[in-house]
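Please view the sequence and the coordinates together before reading on.

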Amino acid sequence: MKGDRKYILIFLFPMAALMSIFLYYPFFKSLYLSFYRTKGFFDKKFIGWDNYERLVSDKLLGAATLHTLELMLYVLIFQVGISLILATMVDNISKFQRFFRSVFFFPVVISGTAISLLFVLFYNYNFGLLNGILTGLGLEKVLWLSESTALKAIAVPTVWHYVGFYFVLFLTAMSKIPADYYDAGKIEGINGFKKMTKLTIPLILSDIKVVITLAITGTLKVFEFVWVISRAQNNTDVLGTYIYKKALVDQNFGYGSTIAIYMVVLGVILALLANRLLKSDEITY
Amino acid sequence: MKRSSLLLLSMMLVFTMFLAACSKTEEKTGTETPNTTETPKEEPKKDVSLRVFSTFGGTDAARESFQAAIDGFTSKNPNVKVENDTMSANDDGFRTKVNTDMTSGNEPDILFYFTGADAKGFIDAGKVVPLNEVLDANPDWKAGFAPAALENMTRDDGKIYSIPLTGYYEGLFVNKKIFKDNNLELPTDWDKLTKAVKTLSAKGIIPLAAPFDQSHYLIEYFMLSAAGSKGHNSGLANGIDPNWEKGYAAMKELYDLKAFPKDAATIDLSMASNYYDQGKAAMVIEGSWAIGNWKNKEVVDNTTVMPFPVMPGGLGTGKDVIGGFGSGFYISKATYDNPDKKDAAIELLKSLTSPETIEKIANSNGGTSAAAGVEIKGTTQAATDGFAMVASATSINKPIDNVVTPETFSALRAGVQSIVTGKKQPADVLKEAKATEDAGTK
């Protein structure tokens with residue numbers, strides 16, 4: 001037992017080193033910078049809690065938070081929902097399962113920026129694909145990225161991008177359910193939709209919990225879809241784009257770091273909340 | 001089972017071969033460098049490798065000319081290896097790249113970058129060297145520059161840190177054909193502009209392609225037209241110039257006349273420029289480099305450029321132009337202090353800013369020449385018109401983002417959409433911007 005310790009430390013070291021350099025160090029550096037007023041890269045001044053006071057009264061940040069939460073709602077309902085439905089459907093077929101698995105997983109591999117550029121060309125008012133179809137049908141052009149619809153329009157590629165990832169997670173979870181449960185269910189006479197709601201979903205609840213946590217934390221990081229498609233205009237400014245604007249466009253790293261801390265806190269609270277709401281007993285087969 | 005393990009084994013073999021190959025090349029370069037430092041006296045010229053960081057990459061119109069200039073130098077000086085490191089200037093990412101390089105001790109040997117407020121940080125921090133002495137030591141080189149260009153590079157302390165290449169101007173680019181087809185006069189004054197806007201928008205043509213978020217040129221020309229050269233250049237440091245409100249109000253006036261694209265809020269600058277290039281927009285406020293970027297020959301051939309007209313009550317002369325020499329080559333201090341690199345870097349710089357190179361690059365990016373006596377004729381009528389506009393300008397002004405902090409400029413940009421849609425009053429936006437400026441310069 002004692003000899004093992006050495007090996008444990010040796011094997012843990014690389015990961016610990018990576019985590020400290022790329023995760024903990026930047027986090028504490030952000031915490032440190034959040035107490036400074038920075039002027040570009042070369043000049044900074046200690047200002048105490050000023051950045052946090054600004055954080056509390058910042059209306060744009062409040063709006064960005066609300067937009068992020070709205071996007072999160074879409075992601076939770078549609079991303080998790082669609083991937084769950086797709087997984088159940090694919091789990092129930094015997095042929096072409098691999099084919100569907102690759103097809104649905106495919107968008108995850110494409111970079112978010114590339115997808116966003118694609119959707120810029122879909123939504124463009126003057127020569128976008130969607131308006132091209134509408135004018136072809138003799139209908140009026142629609143401003144897809146208007147103040148009221150832009151965020152919903154952005155939610156579409158955001159949801160689509162990661163559906164495949166959760167789909168694979170669900171599918172793996174479902175494949176782990178022993179066949180006896182289904183056999184028993186068959187004898188009891190449940191089929192189709194009832195099978196999904198009474199058997200499959202309760203049995204993979206812990207995986208659904210993981211997926212929901214991933215979806216929540218993932219939405220907090222959304223950046224490229226908003227930045228590329230709408231340049232964070234028309235009520236689409238989310239936390240990811242707001243922090244970018246403050247830190248990198250305005251070169252106010254002090255306040256940018258303060259927003260980063262805020263995002264971490266918000267993320268932890270939301271994840272804890274989700275865990276609390278979905279509390280259930282672990283199921284072991 | 002057996003077959004798959006065999007496959008795995010062979011794949012691993014291939015991988016190790018790759019790894020071996022990689023490590024070998026690394027070893028090679030590793031042994032090469034000490035060799036050259038060990039035997040410096042036998043060879044007349046040492047192998048030097050220089051990194052030049054610029055924005056002449058990606059879709060930049062001058063990318064090929066710049067690469068050719070570097071190739072020309074390296075073919076004459078085989079001992080110097082030049083790494084042409086580039087990043088697109090389209091977004092703010094490259095500012096971050098330059099600044100991180102500068103703070104983290106990873107300075108490029110030669111940097112092509114802005115000269116205004118952007119450069120203040122690393123100049124004050126002593127990361128680049130003043131080049132007055134070098135210029136004085138090479139009188140032929142110094143004499144090759146137009147005095148105005150060097151004057152533009154001179155900072156408040158009288159020192160020149162950057163060597164100019166080409167200048168630029170911003171202007172109102174007008175598609176003459178669209179104006180002619182609709183029996184409109186060119187927008188030389190405000191009435192003609194508003195008349196054109198009304199007529200064109202009624203016909204479904206975008207009158208003025210402009211994005212609200214990347215509204216740099218829009219803000220600059222509207223403020224210049226409203227507040228005149230002096231009011232524009234004073235920024236916000238000494239209080240708010242009330243004429244700036246007029247500039248914003250004029251934006252709203254044009255917006256109400258449907259001057260801007262319907263999706264102006266969400267498009268970026270390149271999309272706005274694209275609308276013009278596609279012939280969907282009749283006017284666009286752009287920089288001189290846009291001419292080289294536009295692909296549609298029919299549009300380019302029918303393009304002329306003029307200053308933005310003066311709005312009623314505006315203090316501009318109607319011949320005020322935004323432009324100048326906004327960027328130049330810097331030599332980093334680390335390179336300057338390194339005796340191996342110093343001379344090579346200076347020679348490279350001389351070659352990159354020789355009248356011939358300047359002419360070639362100015363011809364490809366439509367910029368003005370920093371070299372004395374080099375008249376750029378302009379490869380297109382639009383470019384020729386642009387040079388004529390600059391030559392007859394009553395004032396040449398640096399853009400507003402040279403005189404305010406980046407955060408203030410963001411506030412001014414963010415104000416555009418809220419003002420034109422009526423959510424905010426110009427005075428309130430300017431008050432907010434002033435507060436940001438005060439907080440930022442404290």
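The account below turns to a strand and its partners, a helix, an annotated region, aromatic groups and a loop residue. The model is a predicted one.

Strand 5 of chain B spans residues 166-175 and is mostly covered, with ten of its ten residues buried.

| Partner strand (chain B) | Sense | Bridges to strand 5 | A residue pair |
|---|---|---|---|
| Strand 7 (residues 281-287) | antiparallel | five | Leu172(B) and Ile285(B) |
| Strand 8 (residues 303-306) | antiparallel | four | Leu172(B) and Met306(B) |
| Strand 9 (residues 320-324) | antiparallel | three | Glu170(B) and Ile322(B) |
| Strand 11 (residues 368-369) | antiparallel | two | Thr166(B) and Ser369(B) |

**Helix 2 of chain B**

Helix 2 of chain B, residues 63-76, consists of 14 residues. From the first C-alpha to the last it reaches 20 Å, close to the 20 Å expected at 1.5 Å a residue. Which residues of helix 2 of chain B are buried? They are Ser65(B), Phe66(B), Ala69(B), Ile70(B) and Phe73(B). These residues lie on the same side of helix 2 of chain B, because they cover an arc of only 140 degrees around the axis. An α-helix has 3.6 residues a turn, so residues three or four places apart point the same way. The face turned away from the buried side of helix 2 of chain B carries the exposed residues Glu64(B) and Ser75(B).

The buried residues of helix 2 of chain B pack against strands and helices of that chain. The strands are strand 1 (48-54), strand 2 (80-86) and strand 10 (327-331), and the helices are helix 16 (339-352) and helix 17 (355-365).

**An annotated region of chain A**

According to an unreviewed UniProt entry, residues 65-274 of chain A carry the annotation "domain: ABC transmembrane type-1". Over residues 65-274 the model of chain A is 78% helix and 0% strand. The end C-alpha atoms of this stretch are 17 Å apart.

**Aromatic groups**

Over all chains, a search of the whole structure finds 39 aromatic pairs. One of them is formed by Phe223(A) and Trp227(A), whose rings are 5.8 Å apart centre to centre. With 20 degrees between the planes, the pair is stacked. Is each of these residues buried, partly exposed or exposed, and what is its relative accessible area? Phe223(A) is partly exposed, because its relative accessible area is 22%, whereas Trp227(A) counts as buried because its relative accessibility is 8%. The cut-off that separates these two cases is 20% relative accessible area, under which a residue is buried.

In chain B, one aromatic cluster is formed by Phe94(B), Tyr113(B), Phe114(B), Phe122(B) and Tyr330(B).

**A loop residue of chain B**

Where is Thr379(B) placed? Thr379(B) is in the loop between strand 11 and helix 18 (381-391) of chain B. Thr379(B) is exposed, because its relative accessible area is 62%, and a residue counts as exposed over 50%. In sequence, Thr379(B) and Ile291(B) are 88 residues apart, while in space their C-alpha atoms are 9.8 Å apart.

How values were computed
Residues numbered from 1 in each chain as written. Chains lettered and ligands numbered in written order. Predicted model: local features only at pLDDT ≥ 70, side-chain atom pairs only at ≥ 80, totals over all residues. Heavy atoms only, no water. Buried < 20%, exposed > 50% of the residue type's maximum accessible area, 1.4 Å probe, protein only. Pairing = 2+ DSSP bridges. Expected span 1.5 Å × (residues − 1). Arc of directions from axis to C-beta. Contact = heavy atoms within 4.5 Å. UniProt positions renumbered as here; feature names shortened; annotations may be inferred. Phe/Tyr/Trp six-rings, centres within 6.5 Å; stacked < 30°, edge-to-face > 60°.
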